[in-house]
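Hi everyone, thanks for coming. Let me put the sequence and the model up, and then we can walk through a few spots together.

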Amino acid sequence: YIEGLKCDLYLPEVKTLDGHKVNLLLNIEINEELKTNILDISNGIGLYRTEFIYLTRGDVKEDEQFEILKEAVLASKGKPVVIRTFDLGGEKLSSLLPHPEEVNPALGLRAIRYSLRFKDFFTKQLRAILRVANFGDVSIMFPMVSSIHEIIQVKEILDEVRSDLKSKGVPYGDVKTGIMVEIPAAAIMADQFAKYVDFFSVGTNDLTQYTLGVDRNNEYVADIFEPIHPAVLSLLKMIKQAADNNNIEATICGEMAGDPLFIPVLLGLGYRNLSMSPTNILKARYVVTHLTIDKCRELLDRLEESYHKKMHYNILKMFMNEHY
Ligand code: PEP
Ligand code: MG
């Protein structure tokens, strides 16, 4: 269905057939991914996975982090850049960083838990990000948050970093702060979290993993990993509802956001910000411009009437064949 794909690459806005604007953003791991015209045909960077700075280079000083991120922010020419703090731990380990041996690393000392445990290491990153915010539209986002207490701690540290930069006369910029909603606890408490942050970004890869209790990278249970499982859909609905009730933005940045099979489901749920791997942007553009929101809502109703996985995929495939 993407063969012979035709769409105007430089249309400034991507809209559904019935005129709803949809922002298509990039998930970036290294700056090399920005060396094409990909930023011209997208709405900015929705997820900059900073842990790859560590995973590809080893220990990185504040100034080096600053330079790497500055390059990405300048390349974005004023378009938004959402920088996620290190999502280290789990399967993402650096030999240069201390890490305990864990029996169950996916549930262990990873992401924000790791950053809060090693405060100097975290502070160095926050300093680099706040300094980079002076060069563009930068937001900061925290991975794997599971309690309000974590977000309160993070904000205290951010305040300390700001005061220190200020007292030393180091220029820095304003940032919006958000969380990844990727642990069911954060989804269930989305209404409370929304009072503490400026935006949500939903990590459906981990949200599916933790909701269904199925390893996202394990081939033996890959058939159970289902981002449109009724339980996941119901969390996605709650998150969007909480975001709307509290007037904050919600983006989807898990793999499903760039998948033509799932994009209509996300539009049906009300999401209008989709962040994806650069290789999916053209496909997503094509899909969005061939849909109406009413059709996407009908599709969602049909999915919700069925509890059978095979049926779900048949419904999605039929929809895809009908529309693109
Ligand atoms: C996710 O969990 O959906 C996500 C976007 O984060 P990562 O894939 O980097 O864990
Ligand atoms: Mg994740």
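Let's begin with the largest nonpolar core, which has 86 residues. By nonpolar core I mean a set of buried Ala, Val, Leu, Ile, Met, Phe, Trp, Tyr and Cys residues joined through C-beta atoms within 7 Å. Buried means 20 or more other C-beta atoms within 10 Å of a residue's own; 12 or fewer is exposed, in between is partly exposed, and C-beta atoms are placed from the backbone. I129, I179, V181, I239, L266 and L274 have the most contacts inside this core. Helix α9, residues 230-245, gives the largest share, six residues.

A quick word on the source: this is a predicted model, where local features need pLDDT of at least 70, side-chain atom pairs count only at pLDDT 80 or more, and totals for chains, interfaces and linings use all residues. Residues are numbered from 1 along each chain as its sequence is written, while chains are lettered from A and ligands numbered from 1 in the order in which they are written.

What does L274 touch, leaving aside neighbours within four places in sequence? Its contacts, meaning backbone-placed C-beta atoms within 7 Å, include V22, L24, I252 and L266.

Now the binding site: the unreviewed UniProt entry lists R49, R84, N205, D206 and R216. Such annotations may be inferred rather than shown by experiment; feature names are shortened, and positions follow the numbering used here.

Is R84 buried or exposed? R84 counts as buried because 25 other C-beta atoms lie within 10 Å.

Definitions and conventions:
Helices (H or I, at least four residues) and strands (E, at least two) are DSSP runs, numbered from the N terminus. Two residues are in contact if their C-beta atoms, placed from the backbone, lie within 7 Å.
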